[in-house]
Amino acid sequence: MRLTLKTGPEKAAEVYTGSAVFQELKTWLGNLSSVTDSIFILTDKKTRSFCLEHLTSVVPSLQLAEVLEIPAGEKNKSLKSAEHLWNILAGKGASRSSLLINLGGGVITDLGGFVASTFKRGIPFIHIPTSLLGMVDAAIGGKTGINLGDIKNQVGTFHHPDAIFIHTGFLGTLDSYGLLSGFAEIIKTALVADIVLWEKLGSIRLQDLLNRQEDEAIWEDLVSASVAIKCSIVEQDFREKNLREILNFGHTIGHAFESLSLQKNRNPLSHGHAIALGMICESYLSTVKTGLNSKDRDAIIHMIFPDYEYYPLHGEDLDFLMDFIGHDKKRTGSGSRFSLLKSPGNAISGVPCEAGEIIESIDFYRTLER
Ligand SMILES: NC(=O)c1ccc[n+]([C@@H]2O[C@H](COP(=O)([O-])OP(=O)(O)OC[C@H]3O[C@@H](n4cnc5c(N)ncnc54)[C@H](O)[C@@H]3O)[C@@H](O)[C@H]2O)c1
C-alpha cells in the first residue's frame with residue numbers, strides 16, 4: 001500500500017507498507033541514484049544486529065552505505081548524540097545531496113529526523129521504522145526531536161521525511177514489552193478516530209496477537225489501518241494547531257505516569273504502557289466531561305487490563321502526577337486541557353479540566369488495583 005502524506009505548503013512524504021515494501025524501496029532508491037552522492041544508515045546497536053543485515057540482503061545496494069551506530073535507548077536521544085552525528089556527517093563530506101536512512105525505533109527516527117532536518121539546513125532522509133511504536137506513531141507525522149536533560153522532545157522540528165517504508169516483518173524480533181508499547185498507540189488511534197478499527201481490536205485477544213508476532217498478515221492489517229488514520233489526521237493539521245491534538249488522548253496523564261516511573265526508577269514503564277494507563281484515567285474524565293458512556297469506558301479498561309500491568313501509586317505519587325500535569329506543555333490558562341472521547345472513534349481536543357476532576361480520574365484508576 002502506498003499513501004502520500006501531504007501537508008499544505010510543506011513537502012509530501014510517501015508512506016509504503018505491505019509485502020512489496022522492499023521492492024518499492026529499491027525502486028525509490030533507483031530513482032534517486034542520479035541525484036544522491038552518498039547514503040548513510042543510522043541505527044542503534046540492537047536494531048543493527050536484528051534488522052540491518054536483513055535490509056542489506058534484500059536491498060543489496062545499501063551494502064555500500066556508511067553505517068552510523070549509536071547505543072540503544074532513550075537517553076541517547078540527546079544533543080550529545082546529535083552533535084556526534086553532525087560531526088560524523090560533516091567529517092565524511094555529507095552534503096545536501098546525501099541521504100540519511102533512519103533504521104530503528106522511535107529514538108532513531110526522532111533523532112535521525114532531527115539531525116537530517118538541521119544538518120546543512122536539511123538533507124534528504126527516509127525512515128524505516130523497526131519497532132511497532134515507530135511504525136504506527138513515531139515515524140509518521142514529521143515530528144523530529146531530542147530530549148533536553150530530563151525533558152522529553154524539548155528541541156525538534158516539524159519536518160517530513162522524503163519517504164517511510166514499513167516492513168512489519170521486523171516485528172518478529174521485538175519483545176512483548178515493545179509490542180505492547182506500540183499496541184497502545186494503535187488502541188489510541190482507533191479510539192480517537194476510527195470505530196471500525198476499535199471494533200476490530202475488540203475482536204482480537206491481545207495475548208493471541210502477541211503470540212502471533214511473526215504473523216505478518218495480521219500485523220500488516222493493523223499497522224496499515226493505524227498509519228492511514230494518523231496520516232489523514234496529520235494531513236489536516238500538520239503543525240498540531242487543533243485536530244492533531246486529538247492524538248494526545250491518554251498522553252497528558254500518561255506522560256505523568258511515564259515520568260513518575262522513570263524518576264522513581266521503579267519498573268520504568270514503556271511509553272505505550274504509560275499511555276495505556278493514561279487512557280484509563282482519561283476515559284474516566286471523558287465520562288465526566290464529554291459524555292463517553294460508562295459501558296464504553298469499561299470496554300477500554302477491559303482492552304488494557306490485564307495485558308498492561310497495573311502500576312501502583314504510593315505516598316506522594318499523586319502530588320508528583322499533579323505537578324507534572326500542571327507543567328504539561330498542553331496546559332494553557334487556568335485548567336489543564338485534555339483530548340477526550342465523546343465515544344469510541346470520536347474525540348475532541350482542548351477540554352479544560354480542573355484539578356479536582358483530574359484527581360478523581362486518578363482515584364478511579366486506583367480502584368482498579370488488583
Ligand atoms: N515523533 C513522534 O511523533 C513520536 C511519537 C511517539 C513516540 N516517539 C518517540 O519514540 C521513542 C520510543 O520509540 P520506541 O519504543 O520505538 O523506542 P526505541 O527506539 O528505543 O526502541 C525500543 C527498543 O527496541 C529495539 N528495537 C527496535 N526495533 C527492533 C526490532 N525490530 N527487533 C528488536 N529490537 C528492536 C531498540 O533497539 C530499542 O532497544 C520515544 O523517544 C518517543 O518520544 C515519537
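Two strands pair if DSSP finds at least two bridges between them; helices (H or I, at least four residues) and strands (E, at least two) are DSSP runs, numbered from the N terminus. The model is predicted, so local features need pLDDT of at least 70 and side-chain atom pairs count only at pLDDT 80 or more, while totals for chains, interfaces and linings use all residues. Residues are numbered from 1 along each chain as its sequence is written, and side-chain values use heavy atoms, with hydrogens and water left out.

**Exercise 1. A hairpin**

Task: find the bridge partner of Arg337 in β11, and state how β10 and β11 run.

Solution. Step 1: strand β10 covers residues 336-343 and strand β11 covers residues 346-353. Step 2: the two strands run antiparallel and are joined by 6 bridges. Step 3: Arg337 has Pro352 as its bridge partner in β11. Step 4: 2 residues stand between the strands of this hairpin, and Gly345 takes a positive phi near 90 degrees.

**Exercise 2. The nonpolar cores**

Solution. Step 1: a nonpolar core is a set of buried Ala, Val, Leu, Ile, Met, Phe, Trp, Tyr and Cys residues joined through side-chain atoms within 4.5 Å; buried means under 20% relative accessible area, exposed over 50%, partly exposed in between (1.4 Å probe, protein chains only). Step 2: the largest such core has 99 residues, and Leu25, Leu132, Phe183, Phe257 and Tyr365 have the most contacts inside it. Step 4: another core, of 18 residues, lies apart from it and includes Phe40, Ile70, Ala94 and Ile123.

**Exercise 3. Aromatic pairs**

Task: classify the ring pairs Phe22 with Phe170 and Tyr284 with Phe364.

Solution. Step 1: rings of Phe, Tyr and Trp (its six-membered ring) pair if their centres lie within 6.5 Å; planes under 30 degrees apart count as stacked, over 60 as edge-to-face and the rest as tilted. Step 2: the whole structure holds 11 aromatic pairs. Step 3: Phe22 and Phe170 have ring centres 6.2 Å apart and planes at 75 degrees, so they are edge-to-face. Step 4: Phe22 is in helix α1 (residues 21-32) and Phe170 in the loop between β9 (163-166) and α6 (176-193), so this pair ties together parts 148 residues apart in sequence. Step 5: Phe22 is buried at 11% relative accessibility, and Phe170 is buried at 3%. Step 6: Tyr284 and Phe364 have centres 4.8 Å apart and planes at 25 degrees, so they are stacked.
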